[in-house]
Every structure is written in structure tokens, then in C-alpha cells.
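Here's a quick briefing to read alongside the model. Have the viewer open as you go.

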Amino acid sequence: MKKHDLRRRIMKNKAIYLMILPGLLYFVLFKYFPMWGLVISFQEYRPYDGILGSDWVGFKHYQRLFTEPMFWTIFRNTIILFLMNLIFFFPVPIILAILLNEVRLQAFKRFVQTIVYIPHFMSWVIIVSISFVMVTMDGGMINEGLDAMGMQKINFLLSDEWFRPMYIVQVIWREAGWGTIVYLAAIAAIDPQLYEASRMDGANRFRQIWHITLPSIRSVIVILLILKIGDVLELGFEHVYLLLNAMNRNVAEIFDTYVYTAGLKQGQFSYSTAVGFFKSFVGLVLVMSANWLAKKFGEEGVY
Amino acid sequence: MRKKQAATTFRVLCTTTLAGCILAGCASGSGVNEGSATSGTNQGGAPTSETQAPFKLTIMTNLHTPEVPTDAIEKMLEEKTNTDLTINWVPDGSYEEKLNSSFATGSLPQAVYMKNQTTYILFRDAIRNNQFWEIGPFIKDYPNLSKLDELVVKNTAVDGKTYAIYQERPLSRQGIIFRKDWADKLGLAAPKTTDELYNMLKQFKEGDPDGNGKADTMGLTDRSDLVYGAFKTVASYFGTPNNWGLADGKLQPEFMFPQYKETMDFFKKLYDEGLINKDFPVTSKEDQQNLVITGKAGMYIGSMADVQSLHQKTVEINPNALYDVANHISGPDGNAGIWSIPGYGNLVLFPKSSVKSEEELKSILAFFDKLMEPELANLVKWGVPDKHYTIVEGGLVQKAEDTKMTDREQKPYEILQVGGESTIDMLRAYNKLPAKAKAEELIIENNSMLINDPTAALDSKTFGLKGVELQQIINDATYRYILGNLDAAGFDGEIERWKKGGGESIIAEYNESLAKSQ
């Protein structure tokens with residue numbers, strides 16, 4: 001009976017269901033079917049023998065990963081960079097959007113908005129190269145400035161301590177402006193009557209932000225937060241790889257860069273697939289717990 | 001910039017799932033190559049016949065210039081060899097990963113260049129697993145290929161069998177390039193010992209060699225490369241073995257020798273006293289050369305042949321600049337040495353996944369045989385006469401001045417060359433620039449003091465598997481030692497880490513392989 005219903009519903013709205021098809025195909029073809037490839041992490045995969053011809057080795061590659069001395073360093077680095085993203089980067093677009101919203105001069109608002117967007121369209125190579133030129137020891141702007149003020153030059157590029165600040169500053173520099181788009185849209189959707197009413201009651205600008213703007217965009221913030229946690233370990237391979245060097249490897253090596261060196265540069269396909277699988281697994285656990293937490297706090301969550 | 005390309009390629013493979021997709025794709029058959037393979041078999045058998053339709057050949061090779069070249073030379077090659085060529089140019093910087101991913105997906109073309117010895121060694125395992133054609137038995141049938149140097153061919157062999165055609169390289173081009181005008185001004189002669197080398201660098205920094213009254217010069221420029229940068233070359237002045245050396249009859253990696261530490265101390269001194277660019281562990285080759293070209297630094301250690309391009313670019317800024325080259329620097333023990341490569345640079349392999357039959361292989365070999373005829377060898381090496389070069393006194397070649405034009409039209413094709421001057425009767429270079437002429441002399445002179453890599457023809461399975469990853473431990477430790485981030489005990493600790501991570505097996509396997517070969 002129920003089945004019959006469903007079919008009738010589909011037939012009735014077939015145009016709409018047809019529109020799902022490309023998306024569905026995309027996921028099946030590019031997301032679900034490829035998961036088959038994960039089996040090579042349980043094999044001694046040799047490209048020329050293919051998946052069917054390679055020998056099974058069970059958890060060997062996972063064992064190697066967990067016993068690798070670098071493992072905990074990589075794990076820690078990945079998590080720390082992720083947390084920094086969450087703590088330092090995530091709020092920036094929200095703050096920026098609220099500030100922009102308070103600007104009453106439309107022309108100026110648009111101008112600033114455009115300026116802060118632009119870095120998003122530059123590749124990491126450009127961003128990193130610009131910072132390189134700025135902070136290099138041999139004639140870099142910042143170091144020359146420090147020198148002129150009689151201070152010690154700082155070796156930003158070749159030190160453990162400066163990698164993380166540099167990383168997060170570059171992330172904010174490139175992505176903060178772009179991140180404001182969604183929030184600005186959400187803010188624009190707030191009923192202006194609410195503001196009028198609050199002004200009547202004598203609320204100042206800060207009160208309005210705190211009691212109207214923020215609560216109104218709360219659900220958007222939560223959804224974006226969960227999505228952000230979804231890319232938990234996608235810290236930007238390109239970015240980190242460009243900053244990585246012998247002197248900061250202890251804090252800068254993350255799963256993505258490790259997969260690259262172990263997998264592509266040395267052709268250890270099985271091992272790097274195991275590393276990648278582990279990474280995805282951690283990501284899944286984090287998203288599910290974030291979603292669960294969101295629901296606990298009465299929000300909708302993403303699923 | 002090259003990293004960008006690397007990264008984009010990587011993005012495709014980045015997530016496990018996607019990588020899996022590509023790998024899964026290859027399991028279901030190597031459809032990619034069928035087109036070229038069948039056409040190859042059709043043509044096989046009578047490779048030299050001119051009346052036949054052109055033989056289709058795809059080649060993958062590395063590209064050293066920023067742009068893919070124009071196809072004028074390719075057209076001429078096609079015409080002269082009756083071949084329909086498709087050359088897949090891959091930027092040098094991302095060549096290894098392209099090689100690995102093409103191999104994994106079974107989409108290697110019919111002839112594959114290996115870039116260098118290191119990349120080649122990573123493929124030994126696949127070669128043993130019968131993934132590439134053994135060409136040893138066929139070579140003697142080809143008049144030119146059979147002229148290839150037996151000793152070098154032996155260096156390329158895997159388990160005594162020949163799989164590759166090699167490209168000849170001088171055994172060692174390494175040496176010093178320095179600003180002669182600066183040295184003259186300071187009254188310094190070309191360095192003969194490592195102490196004099198140090199002294200020159202010190203004077204270059206402190207003696208105001210550019211005469212502008214400001215302390216804005218430095219000595220050496222180096223880049224993030226411990227092998228082709230300055231480090232390994234200076235290490236051979238100190239008598240460090242080349243990758244591996246014998247101690248009490250046993251093979252040991254270079255970094256376990258005291259000379260390696262002496263070299264590190266030398267560099268540490270340079271770093272501490274500011275005689276070398278402070279950011280050298282992250283400096284690119286381009287930035288490194290720019291420091292010399294713009295007159296900020298006075299010395300460059302690397303391939304002496306680079307003096308030509310350095311000179312050209314420097315005189316555009318400062319017409320009075322003058323370069324000189326030097327080598328034969330003796331270390332504290334009074335001996336001089338220079339590390340060498342095993343006589344080959346690039347190599348060509350023929351994958352079985354794309355070359356389906358012996359006939360096809362023979363046709364391909366016939367193409368490379370023709371490439372070794374003087375006419376074609378000159379075409380790929382020098383280009384078109386009166387366009388890319390002119391013949392001057394004594395029948396020598398003078399290259400065209402317009403390097404932008406030659407970079408675009410001719411230079412990339414040099415990579416196709418097989419064999420070289422000692423196996424082909426080809427045109428030789430005339431050097432208008434005295435420093436370049438001297439560099440060529442010194443490159444030959446280097447042959448008298450070579451430090452060879454004793455493991456060149458040996459084999460270690462663990463090295464093939466984890467060698468690169470392990471080497472990174474040592475490279476990192478070397479940089480950290482030089483920058484004062486690690487002391488001698490710490491460096492020894494890193495060696496222990498290298499040993500535990502698989503280095504012990506590498507040592508054992510190489511020694512075993514050595515015992516077997518004796």
C-alpha cells in the first residue's frame with residue numbers, strides 16, 4: 001500500500017525527481033563507487049596486479065601507521081591546527097559580517113566587502129609567496145622593520161613557534177572575507193521590525209547585536225560549525241605543504257602532507273590509503289558528535 | 001610555483017576515496033592504452049620501411065622550461081624517422097608523482113623517461129615484477145644503440161639484465177662559481193682549500209666587495225637541496241663518501257662518517273656568521289640564483305655549467321660583473337674529491353602495459369636507434385642550424401644568443417637525447433664566454449678525483465620501499481644541526497631513529513648485495 005503511494009508520488013512529480021538524478025549519479029559515481037578503492041589498504045597493492053590480483057595483508061598497514069613514531073606527532077599537529085581553525089578563524093567571519101552590517105554608508109560597505117573577498121581568489125601559492133617575501137630574513141619587510149627599530153630579527157619561516165601563528169594568519173587573510181557572505185545573507189533576512197521595536201525600548205547598537213542579530217543567525221552559525229567540523233582534517237594540503245620545511249616539520253606535518261610524501265612520492269599506495277582512511281574515520285566521528293551535540297542544545301543539526 | 005601544480009595533481013588523489021577510484025579504475029583493464037598499442041602492433045615488424053604509414057609513438061618526459069615547446073623540431077623528427085610522435089611534457093617539479101600515478105593507473109605511454117637515478121631506483125621493484133621490457137637481447141641488432149657504453153649500461157642493469165636506454169651525463173659538473181671582479185678587488189685568488197673558501201666568503205661579506213660603502217653583501221647562496229645545492233659538493237671537499245662509503249670493509253651511509261659532521265660544522269659556521277643566506281633551507285633555485293645575479297651574494301656552488309646563464313643575466317644589471325669557476329678544493333686532510341653520478345642522467349623505459357608485442361618494442365627501439373644518428377642527435381641537442389646555433393671556427397657550435405627563443409623552440413628537446421658525446425659523433429660546443437669554457441675544462445678535470453657511489457649497482461629492498469622517507473629524517477637533522485637547533489648528540493639520536501625506522505635493514509641489505517657482487 002505504502003509502496004504504491006510512493007510510486008504515485010514519484011510519477012506525479014517526475015520532473016522534480018528527474019532533477020535529483022544528476023546529483024545522485026555524481027555521488028554514486030564519484031563518492032560511493034570509489035570507496036571500493038579502500039580495500040587496497042588491506043592489501044599489498046601492486047598497481048600492475050590490480051585489486052583482484054594483489055595479496056591480502058589484513059591490518060598490516062594500519063599497524064604500521066599506529067606504530068610509526070611520527071604518528072602521534074602527525075595526529076597532534078592535525079588536531080591542533082584544526083582547533084586553531086575553530087577557535088581563531090571560525091568567529092572572524094561572524095564578527096566581520098556584524099561589523100559590516102553596522103556600516104551605514106552603502107558604498108563604503110561594498111568597497112570593504114570586495115576588498116576582503118579578493119584574497120579568496122588567490123591561490124595558496126600566491127598567499128604563501130607574498131608572506132615569504134614579507135618575512136624572509138634577507139631583506140624581508142617585517143624583519144627589516146624590526147631591525148630598524150633595533151629589535152632582533154625573527155626567523156618566521158624556519159622555526160617551530162612561528163609556524164602555527166603564520167598558518168592561522170594566512171587562513172584568516174585568505175578566507176575571512178569570503179566567509180562573511182553567508183552570514184551577511186542571514187543578517188539581511190532578519191525582520192527590521194525587530195530592530196525598530198528594540199530601538200523603541202531604548203536598546204543601543206551593542207544591545208541590538210547581542211539580543212537580535214546574534215540569536216537570529218544562531219542556527220546558521222551552528223550549521224556552518226558542523227560543516228566546518230566535517231572538513232575537520234581538510235586543513236588545506238597545499239597551504240601546509242608550502243609552509244612545511246625541515247625546521248618546522250615537528251609541528252607542521254599533518255595527515256595530508258604525510259599521505260602525499262608516503263603515497264605519491266614513493267608509490268606506497270596501500271599505506272597511504274590506510275592513512276587517508278583513518279583520517280576520514282576521525283572526521284566522521286567528529287561530525288557525528290558535533291551533530292549530536294547540536295541537537296542536545298536544541299538546534300536542528302544537519303541531518 | 002611548481003608546487004602549485006604538484007598540489008593540484010595531488011588534490012585529485014588527496015582523499016582516500018578518490019585515490020581509491022583511480023586505483024579501482026586501473027583494475028578493470030588498461031583501456032587507456034589500447035588505441036596506441038593496437039596501432040603499434042599493426043606497424044610493427046618492419047620498422048625501417050619508409051613506404052609504410054608512420055609508426056605511432058607516445059613518449060612521456062620531463063620539461064625543464066616553464067612552457068611546452070613549439071613543435072617545429074618534433075615535426076622534423078617525425079619526418080626523418082617516419083614516426084607519428086606524441087610527446088607528453090610533464091613539468092620537472094611534479095614528474096615523480098606523475099610517474100607514480102600514471103604507473104598506478106596503467107596509463108604510462110610507450111616510452112617513459114625516468115628523470116634521474118633516484119626515480120629509477122624506485123621502479124626497480126616493478127621492473128623485477130616484469131612490468132617493463134627487457135631490452136638487453138635486442139640492443140645488439142641496432143647499429144647505434146649497440147655503441148652505448150657497456151659500463152654505464154651495466155650501472156643501469158637490474159639483476160644483471162638491461163631494461164633501459166641511458167642518456168649520457170658528465171660524471172660530475174659540480175663546482176664553485178664566484179664573482180671574479182669581487183675577488184680581484186679584495187686581492188683574493190681562487191680558493192684551493194676549504195679554509196680559503198671560508199676566507200673568501202668572509203671577505204665577500206665584510207670587505208665591501210661591491211664598493212658601495214654599505215655592508216649589504218653576503219658570501220654564499222644556497223637553496224633547499226642538500227644534493228644539487230652546495231652541501232654535497234662541499235661535503236666531497238671534506239672527503240665525505242658519495243651516499244655510501246666503506247668503513248672497515250662494510251658499507252655505511254655517508255652521514256655516519258665524521259667528514260659529514262665536519263661539513264655540517266662548516267655550514268654551521270657560515271650560518272652563524274651570516275656568510276650564507278639565512279633562509280637557505282626554504283630558498284628556491286630561482287631565488288638562490290637571483291641573489292647572485294643582483295649582486296647580493298658572491299658565490300654559487302652547484303653545476304659549473306650554470307655560469308653561462310648566470311653571467312648572461314648578471315651583465316644585464318651590472319655590465320662590469322665577471323665570473324670565474326673553481327674546483328679541486330682540498331679539505332683538512334689535504335685531499336680533493338668530487339662526488340659523481342654513475343655516468344647516466346636520464347633513462348628510457350618501455351612499459352609492458354602499453355607496448356604489447358616484441359614487434360612493437362623493436363619499432364620503438366628503432367626510433368631511439370635513429371635518434372642516436374649524428375644528424376638527429378644534433379637536432380635534439382642543438383636545434384636547427386643558423387636558427388638555434390651557428391657553426392664557428394673548428395666546426396664548433398655557438399648557441400643562439402636569444403635564450404628566450406631557444407627555451408621555447410629547442411631546449412626542451414635536449415631531454416630526448418640518448419647516449420651522448422662519447423657514443424655519438426656529434427657537434428660540440430664552442431664557448432665564447434671564457435668562464436664557461438673553463439667550466440667545461442674543469443668538468444673534464446673532475447674525472448680525475450671522482451668519489452663514486454659504491455651502491456650504484458647494488459640493491460636494497462627496504463631502500464626502495466622507505467628510502468625517501470628515511471632520508472628525510474637525515475635531511476631534517478642536517479638542517480637543524482646547521483641552524484643550531486640540534487647538537488651532535490641530537491644528530492646521533494636522529495641517526496638511531498633512521499636505523500630503527502628501517503636503516504638497519506638497508507645497511508644489511510646493501511652489504512649483502514655487495515658481498516654477492518664480489
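Predicted model: local features only at pLDDT ≥ 70, side-chain atom pairs only at ≥ 80, totals over all residues.

Residues are numbered from 1 along each chain as its sequence is written, chains are lettered from A and ligands numbered from 1 in the order in which they are written, and side-chain values use heavy atoms, leaving out hydrogens and water.

**Chain A overall**
- Chain A has 17 helices and two strands (DSSP runs numbered from the N terminus: helices are H or I with at least four residues, strands E with at least two).
- Its radius of gyration is 25 Å, well over the 19 Å that the globule rule gives for 303 residues, so chain A is more spread out than a compact globule (taken over C-alpha atoms; the rule is 2.2 Å times the number of residues to the power 0.38).
- The C-alpha trace of chain A spans about 80 × 75 × 35 Å along its principal axes.
- Of the 303 residues in chain A, 46% are buried (under 20% relative accessible area, with a 1.4 Å probe and protein chains only).

**Domains of chain B**

**A sheet in chain B**
- Five strands make an open sheet with mixed pairing, in the order β2-β1-β3-β12-β4 (chain B); strands pair if DSSP finds at least two bridges between them.
- β2 (83-91) and β4 (165-168) of chain B are at the edges with a single partner strand each, so one side of each lacks a neighbour in the sheet.
- Parallel strands β1 (residues 55-63) and β3 (residues 111-113) of chain B are joined by two bridges, with I59(B) opposite A111(B).

**Nonpolar cores**
- The largest core has 91 residues, and Y167(A), I176(B) and F491(B) are among those touching the most other members (a core is a set of buried Ala, Val, Leu, Ile, Met, Phe, Trp, Tyr and Cys residues joined through side-chain atoms within 4.5 Å).
- Domain 2 and domain 3 of chain B each supply at least three residues to this core.
- A second, separate core of 67 residues includes M60(B), Y95(B), Y142(B) and L365(B).

Note on methods. Buried < 20%, exposed > 50% of the residue type's maximum accessible area, 1.4 Å probe, protein only. Domains from an automatic or database assignment.
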